[in-house]
Amino acid sequence: MSTLIELQELERYFKTPKGQLHAVDKISMKFEQGTTMGVVGESGCGKSTLARTIIHLQEPTGGKMFFEGEDMTHPNKAMIKRLRNHMQIIFQDPYMTLNPRYTVEDTLKEPLVLSGKYTKGESLNKEIRRLMDMIGISGRLRMSYPHELSGGRRQRVGIGRALAMDPKFIACDEPVASLDVSIQAQIINLLQDLQKDFGLTYMFVTHDMSVVRFISHDISVMYLGQLVETSPSQELFERPLHPYSKALLSAIPTTDIDKPRERIRLKGELMSPINPKPGCRFLPRCEYATEACQQPQKLEELLPGHFVACCRARQLNNLS
């Protein structure tokens with residue numbers, strides 16, 4: 001399995017009247033070809049900003065990004081155009097991201113024409129039909145506008161638009177958050193089928209732990225712009241090591257009345273992401289915090305493939 005995208009100490013800061021807001025702060029991670037990396041955390045932790053920075057909808061403030069081993073941190077126009085063929089995004093709200101004046105055909109046609117791969121003619125129509133078949137949209141809806149489609153169908157059109165360029169990497173920014181549960185399952189199954197057929201690599205951003213467990217091979221947990229834990233999906237659910245991950249998982253609803261899950265209720269105030277102090281950003285809400293937690297925390301491999309940014313994780317989890 002080869003590494004498609006690698007991030008090294010990636011940063012994305014925003015200037016505010018009070019100082020620098022550290023939305024993404026020194027993130028290092030790898031996306032392996034043909035797998036799904038789930039990224040979870042509370043709203044405002046920087047998940048979506050990370051996704052948009054990777055595909056260059058926003059430019060990084062610092063750090064490095066590599067695509068197939070090539071530095072793509074600050075690409076020129078020619079490289080941006082090439083990256084657009086390989087890296088796409090699916091947004092959370094399909095209605096807001098589709099042009100209301102474009103039919104399904106127009107939406108799928110636009111990237112095909114702009115890429116220069118197709119011109120008006122039978123080859124273009126054939127490719128549009130192929131995309132519609134791939135995403136499960138009936139041909140009778142070809143001339144329909146976004147307001148005439150259900151939420152699930154609109155999201156399928158958004159997926160089709162992302163697939164039009166035959167990408168290798170797709171950032172899925174909470175693609176099922178605005179959909180009904182039954183429709184969520186259909187979209188998740190579609191994404192998995194497409195991954196199997198075309199070897200796609202996904203970054204799946206969500207706050208729904210049940211969804212991320214189902215689709216992800218690996219999961220990274222973010223807190224106020226930083227990674228606090230990353231591990232294989234099943235292992236994170238069976239043995240979370242960071243106090244924040246444990247609290248996050250304890251909030252998952254359960255229907256088992258015989259073994260109710262004990263909810264970990266966090267206390268304390270959130271640390272400000274504007275000019276944050278050195279040290280663990282979870283410190284004000286962590287019941288296990290000590291003076292050592294005021295020092296910068298780095299991801300450390302405590303179990304095979306399981307990395308945690310917590311100086312007390314070994315002790316708290318009885319690891320040698």
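The model is a predicted one. A search of the whole structure finds four aromatic pairs, and the structure also holds two cavities of 30 Å³ or more. Ala-162, taken up last, belongs to helix 6 (residues 151-163), and helix 6 is also the element that gives the most to the lining of the second largest cavity.

**Aromatic rings**

- Among the four aromatic pairs found in the whole structure, the rings of Phe-31 and Phe-169 have centres 5.4 Å apart and planes at 70 degrees, so this pair is classed as edge-to-face, for which the planes must be over 60 degrees apart.
- Elsewhere, ring pairs connect Tyr-223, Tyr-244 and Phe-282 into a cluster.
- A contact of another kind involves Arg-12, whose charged end sits over the ring of Phe-14 at 4.3 Å from the ring centre.

**Cavities**

- The largest cavity holds about 70 Å³ of space, and 13 residues line this cavity, with Cys-280, Cys-286, Ala-289, Cys-293 and Cys-310 lying nearest its centre.
- By class, the lining of the largest cavity is made up of 10 nonpolar, two polar and one charged residues.
- The second largest cavity holds about 40 Å³ of space and is lined by Ile-89, Ile-90, Phe-91, Thr-97, Gln-155, Gly-158 and Arg-161.
- Three nonpolar, three polar and one charged residues make up the lining of the second largest cavity.

**Ala-162 and its neighbours**

- Ala-162 has a relative accessibility of 2% and therefore counts as buried, the cut-off for which is under 20%.
- When residues up to four places away in sequence are left out, Ala-162 touches Gln-88, Ile-89, Ile-90, Pro-167 and Ile-170.
- One of these contacts, Ile-89, is 73 residues from Ala-162 in sequence but 6.3 Å from it in space, taken from C-alpha to C-alpha.
- Ile-89 and Ile-90, both touched by Ala-162, are also among the residues that line the second largest cavity.

Conventions:
Residues numbered from 1 in each chain as written. Predicted model: local features only at pLDDT ≥ 70, side-chain atom pairs only at ≥ 80, totals over all residues. Heavy atoms only, no water. Helix = DSSP H or I, 4+ residues; strand = E, 2+ residues; numbered from the N terminus. Buried < 20%, exposed > 50% of the residue type's maximum accessible area, 1.4 Å probe, protein only. Contact = heavy atoms within 4.5 Å. Phe/Tyr/Trp six-rings, centres within 6.5 Å; stacked < 30°, edge-to-face > 60°. Lys NZ or Arg CZ within 6 Å of the ring centre and 35° of its normal. 1 Å grid on protein atoms, 1.4 Å probe; cavity = no way out; pocket = protein on both sides within 12 Å on 5 of 7 lines; lining within 4 Å. Points joined across faces, edges and corners; volume = space filled by probe spheres on them. Nonpolar A, V, L, I, M, F, W, Y, C, P; charged D, E, K, R; others polar.
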